[in-house]
Amino acid sequence: MGAMWMRMKAHRAAYTLSILATLAVGILIGTVINQGVKGKEGQKSDAAPLTMASPQQMSNAFSQIAKQLEPSVVNINTESTVKNVHRRRGGQGGGDDEDGGSMEDFFNRFFGGPGGQAGPGGQGGPGGPGGPGGPDSGAIRERSLGSGVVVDAKGFILTNRHVVEKADRIRVRFQDDPPGVQHDAKVIGTDQETDLAVIKVDVEHPLPTAKMGNSDSMQVGDWVLAIGSPFGQAGTVTAGIVSAKGRDIVPGRQFQTFIQTDAAINPGNSGGPLVNMSGEVIGINTAILSETNAYAGIGFALPSKTVVEVYNQLTGPEHKVSRGSIGIMFDAVENPAIARVYGAGSGVTVSSVVAGSPADQAGLKVGDTITTVDGKKVSKGSELVADIASRKPGSKVGLGFLRNGKTQETSVTIADRAKLFAQRLGEDQGNEDENAPKPSKFGVTVRKVTPDMADRLDIPSGKGVIVQDVKPGSFAEDINLARGDIILEVNKQPVNSEEDFAKIETTLKSGQDVVFLVRQRGSSRQDGTIFLAGTLP
């Protein structure tokens, strides 16, 4: 027994010594490793120390800008009467109008546009029940929501044209207004080319205003805030960055190059401001790119540089924008093959010259490549358009161009863009002409089809009259006549001039049936013609 006890005691002592030895080795190894690290720490490092910005700083910047801008951002509510929404425009009852229809479809995707943000009585976008293209064939009351920003303490507000276009009533609500209180506003001027509008409310006290910034100073990656009333939620602020600049998103709309942003913008934001980190307006939110008509990460704002130029003209004595033109067309998309074939390394190659235009009178021809404007080089069509459009009609400009590889020069007198292209298309574009024919009892103004127009519109020369204007609520609107339609016959009688049209009209009385044989705008000769008919009220 004593021997067993002694063996157990010896075994325990050996186990204890083993543990102590292991600890000693571990301490020794740790000391060596620690000394090795200290040795490395003592060496000079090329790595620069990392720093981290305070998250509170960015948060405060956003909130300060929001507090500064929100009082100047308004909610816009419009009401309009929509008639004859049972059928959409198009040749043979289907498809889109060549220019107006496709543009209307595009603008319908804008937030706040007709049918884009419906209020009570509306049901969403095009084709929805009670909206354009829906089954209701009678007149409806349509409500739309949009945004705007006060830029003058006297009550002048910037917004989008499509927000207030054709509105019977425009009402504005400010941030501090009690629930249900709104202010009636009137349209000062609109610009179709840039989709901008200026409206005004009469107030007895100065209004808080937003400061305009310079959009040219913005860079891709810069922080921006979008402020507006998406889905009617006034005072909504979203943050993002400038995703791209100079976006051309509407084919043929040469005065609409946009700032692209990923700041969340939705139906109802249209007309609201896009602001920089200095609290300055650097754009007016105008469009979204989305298959669902809601935020998809890509929105577009018209740059403040363009906004300021348009605003100053719309608030001027004539309340309209005047732009210069020389009457040429060119390929909107740059194509190196054109330059190689026509032997021009850089410039704008002319693809069409409007007959009788300043360019035509100056001797410019298809295939000429414009390289300079008053000695300044131009390499893109957008640069040429921007330069010419900024010049006053009646002024002269020197153009340098290449023809068959040889450099030539010519002097061109600038024309009014709206009038020049209105003549070509047979449209008024909103410009008054004291010699223009007056609307008829049908509620339609027509012009004779010129040989040039007949060639461009693919109809026999000397045949038909072109619809220049349709009065809202008129018989012509009721039967779906539209600007740009060619009227060939009325009640089986050929119509080849304004006089023919007026003579036939005088023979018709209230209660009689009227049938128009029409080539709809945008349709070709192969598409044929259609009848538009009704009973004269």
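**View 1. G363 in its loop.** In this predicted model, G363 sits in the loop that links α7 (358-361) with β17 (369-373).

**View 2. The surroundings of G363.** Leaving aside residues up to four places away in sequence, G363 touches D368 and R403. V412 can be found here too: 49 residues separate G363 and V412 in sequence, while their C-alpha atoms are 9.2 Å apart in space.

**View 3. Strand β6 under cover.** Follow residues 196-201 to trace strand β6, which is mostly covered, with six of its six residues buried. Which residues lie on each face of β6? On one side you will find L196, V198 and K200, and on the other A197, I199 and V201. Both faces are covered, and these residues are all buried.

**View 4. β3 beside β6.** Strand β3 (residues 156-160) is joined to β6 by five bridges, and the two run antiparallel. To get your bearings, look for F156, which stands opposite K200 in β6. K200 belongs to the face of β6 that also holds L196 and V198.

View 5. How many bridges join strand β5 (residues 183-191) to β6? There are six, and these strands run antiparallel. D191 stands opposite L196 in β6. Together β5 and β6 form a hairpin, with four residues between them. In the turn, take a look at D195, which has a positive phi of about 60°.

Note on methods: Residues numbered from 1 in each chain as written. Predicted model: local features only at pLDDT ≥ 70, side-chain atom pairs only at ≥ 80, totals over all residues. Heavy atoms only, no water. Buried < 20%, exposed > 50% of the residue type's maximum accessible area, 1.4 Å probe, protein only. Pairing = 2+ DSSP bridges. Contact = heavy atoms within 4.5 Å.
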